[in-house]
Amino acid sequence: MRKIEAIIKPFKMDDVREALGEIGVTGMTVSEVKGFGRQKGHTELYRGAEYMVDFLPKVKIEIIIAKENVERCINTIVATAQTGKIGDGKIFVTDVERVIRIRTGEENHEAI
């Protein structure tokens with residue numbers, strides 16, 4: 001099993017969720033996060049004063065998926081979330097040793 005964490009632009013969330021559903025992803029965790037990378041934030045004007053916004057709003061999607069479905073999931077996220085502009089986000093893939101469904105006690109593939 002693998003954990004996919006994708007950091008994307010907030011306005012792409014609905015499109016990504018729909019596309020992942022079409023390829024059979026049945027569950028995910030979504031968090032509103034803030035951060036920056038090469039984008040380095042931006043400046044805004046408020047009541048005549050310019051100030052720096054260091055942390056930009058993003059959405060983090062977390063998915064636990066079978067190893068054989070990882071590439072398809074990654075390709076779907078990239079194709080759907082990509083705008084071609086700086087700040088499109090990142091995808092991280094890590095191994096998952098064990099998953100337990102609290103309600104039933106099911107483990108691993110049965111729990112996802």
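Q: Leaving aside neighbours within four places in sequence, which residues is Leu 20 in contact with?
A: In this predicted model, Leu 20 is in contact with Val 25, Met 28, Ile 63, Cys 73, Thr 76 and Ile 77. To count as a contact, heavy atoms have to lie within 4.5 Å. Leu 20 itself is found in helix H1.

Q: What makes Leu 20 buried?
A: The cut-off for buried is under 20% relative accessible area. Leu 20 has a relative accessible area of 0%, so it is called buried.

Q: How many residues apart along the chain are Leu 20 and Ile 74, and what separation do their C-alpha atoms have?
A: They're 54 residues apart along the chain, with 9.6 Å between the C-alpha atoms.

Q: How do you know which residues make the contact of H1 with H2?
A: Start with the axes: those of helix H1 (residues 13-22) and helix H2 (residues 70-81) come within 9 Å and cross at roughly 145°. Then look at who makes the contact: H1 brings Asp 15, Val 16, Ala 19 and Leu 20, while H2 brings Cys 73, Thr 76, Ile 77, Thr 80 and Ala 81. By kind, that's six nonpolar residues, two polar and one charged. As for handedness, H1 passes H2 in a right-handed crossing.

Q: What makes a residue such as Ile 8 or Cys 73 part of the largest nonpolar core?
A: Members have to be buried nonpolar residues joined through side-chain atoms within 4.5 Å. This core has 16 of them, and Ile 8, Ile 61, Ile 63, Cys 73 and Ile 77 have the most contacts inside it. Strand S1 (2-8), H1, strand S5 (56-65) and H2 each give two or more residues. H2 gives the most, with five. In soluble globular proteins, nonpolar side chains tend to be buried together.

Q: Which residues does Cys 73 touch, not counting those up to four places away in sequence?
A: Cys 73 touches Ile 4, Leu 20, Ile 23, Val 25, Ile 63 and Ile 65.

Q: What share of contacts between residues at least 6 apart in sequence join residues at least 24 apart?
A: For the chain, that share is 69%.

Q: And what does the whole chain look like in elements, from the N terminus on?
A: They run β-α-β-β-β-β-α-β, giving two helices and six strands. Buried residues make up 31% of the 112 residues. The accessible surface comes to about 7800 Å², and 49% of that belongs to carbon and sulfur atoms.

Definitions and conventions
Residues numbered from 1 in each chain as written. Predicted model: local features only at pLDDT ≥ 70, side-chain atom pairs only at ≥ 80, totals over all residues. Heavy atoms only, no water. Helix = DSSP H or I, 4+ residues; strand = E, 2+ residues; numbered from the N terminus. Buried < 20%, exposed > 50% of the residue type's maximum accessible area, 1.4 Å probe, protein only. Areas by Shrake-Rupley, 256 points an atom, 1.4 Å probe, with all protein chains shown as cover. Axes fitted to C-alpha atoms, helices over the stretch in contact; angles between N-to-C directions. Left-handed = near helix turned anticlockwise from the far one by under 90°. Nonpolar A, V, L, I, M, F, W, Y, C, P; charged D, E, K, R; others polar.
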